[in-house]
Amino acid sequence: MTRPHSTPAPRAILFDLDGTLADTAPDLAAAVNRLRADRGLEPTPYALLRPTASAGARGMIGAAFGLAPGDAGYEALRVSWFDYYQADMASHSTLFGGVPELLDGIVQAGMAWGIVTNKPARFTDPLVPLIGLAHAGCIVSGDSTAHAKPHPLPLLEGARRLGMAPEQCWYVGDDLRDIEAGRAAGMLTVACGWGYCGAVEPAQWGADYLLDTPLDLLELLRASMAPGVMVA
């Protein structure tokens with residue numbers, strides 16, 4: 001936990017998708033290594049690709065080819081990577097251990113939950129039911145609003161779709177952008193140490209809580225709901 005304070009129970013939990021609810025890195029990495037194979041290159045080691053998964057094409061292509069948006073050749077790689085990923089996006093993607101129990105606990109407590117991701121809807125819409133998340137109360141994709149995270153607009157849209165005020169929601173994510181978006185939206189923020197987490201250590205993100213497992217989040221929620229008890 002990074003900011004001890006009194007914490008009232010939320011009415012809704014909004015989650016990032018990749019690296020937070022679901023371990024999608026194996027399929028993301030397979031798609032970028034198909035690009036390398038097309039060019040006669042050896043696969044980029046999975047250990048180098050996995051930490052970049054939450055950054056999508058920017059992260060994967062950066063790790064596999066050393067290119068960034070705006071560089072020559074980047075856009076062609078991005079388009080081809082999208083096509084490869086869309087063709088095979090759920091062969092090895094699974095929910096993280098403890099996520100089904102966490103979501104069941106949220107529902108049993110009478111709370112709502114939803115997904116707010118930077119992943120484009122062309123991937124999110126087919127992937128979510130394939131990995132067991134079709135019961136999400138809302139799905140806000142990276143192109144659902146005019147801005148993507150770290151802008152707060154997608155989180156505000158998620159709260160609106162759930163019928164909640166932003167301050168009634170917690171936002172959970174595995175990337176610095178998630179915490180920045182959550183703070184800007186006026187939500188309590190939870191950094192999930194079980195995710196991909198990127199290049200900046202989660203302890204430096206300034207999240208309200210830093211947790212190690214999905215079940216730690218379930219325990220935090222239960223404690224916040226205990227009569228007369230505030231989590232510190």
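Analyst: Contact here means heavy atoms within 4.5 Å. The model is predicted. By that criterion, Gly-56, Ala-57, Arg-58, Met-60, Ile-61 and Phe-65 in helix H3 meet Tyr-74, Leu-77, Arg-78, Trp-81 and Phe-82 in helix H4. Sorted by class, the contact of H3 with H4 has eight nonpolar, one polar and two charged residues. Gly counts as polar and Arg as charged.

Helix H3 covers residues 56-65 and helix H4 residues 74-87; their axes come within 10 Å and cross at roughly 115°. Angles of 65 to 115 degrees count as roughly perpendicular, and H3 and H4 are therefore roughly perpendicular to each other. The crossing in which H3 passes H4 is right-handed.

The sheet is open and has six strands with parallel pairing, in the order E5-E4-E1-E6-E7-E8. Its edge strands, each pairing on one side only, are E5 (139-140) and E8 (209-211). At the E8 end, strand E7 (residues 188-192) runs parallel to E8 and is joined to E8 by three bridges. Within this pair, Cys-192 stands opposite Leu-211 of E8. Helix H9 (residues 214-225) packs on the sheet, where H9 touches E7 and E8 as well as strand E1 (12-15) and strand E6 (169-173). The direction of H9 makes about 165° with that of E6.

Definitions and conventions: Residues are numbered from 1 along each chain as its sequence is written. This is a predicted model: local features need pLDDT of at least 70, side-chain atom pairs count only at pLDDT 80 or more; totals for chains, interfaces and linings use all residues. Side-chain values use heavy atoms; hydrogens and water are left out. Two strands pair if DSSP finds at least two bridges between them. Helices (H or I, at least four residues) and strands (E, at least two) are DSSP runs, numbered from the N terminus. Axes are lines fitted to C-alpha atoms, for helices over the stretch in contact, and angles run from 0 to 180 degrees between N-to-C directions. Angles under 35 degrees count as roughly parallel, over 145 as roughly antiparallel, 65 to 115 as roughly perpendicular and the rest as oblique. A crossing is left-handed if the near helix is turned anticlockwise from the far one by less than a right angle, and right-handed if clockwise.
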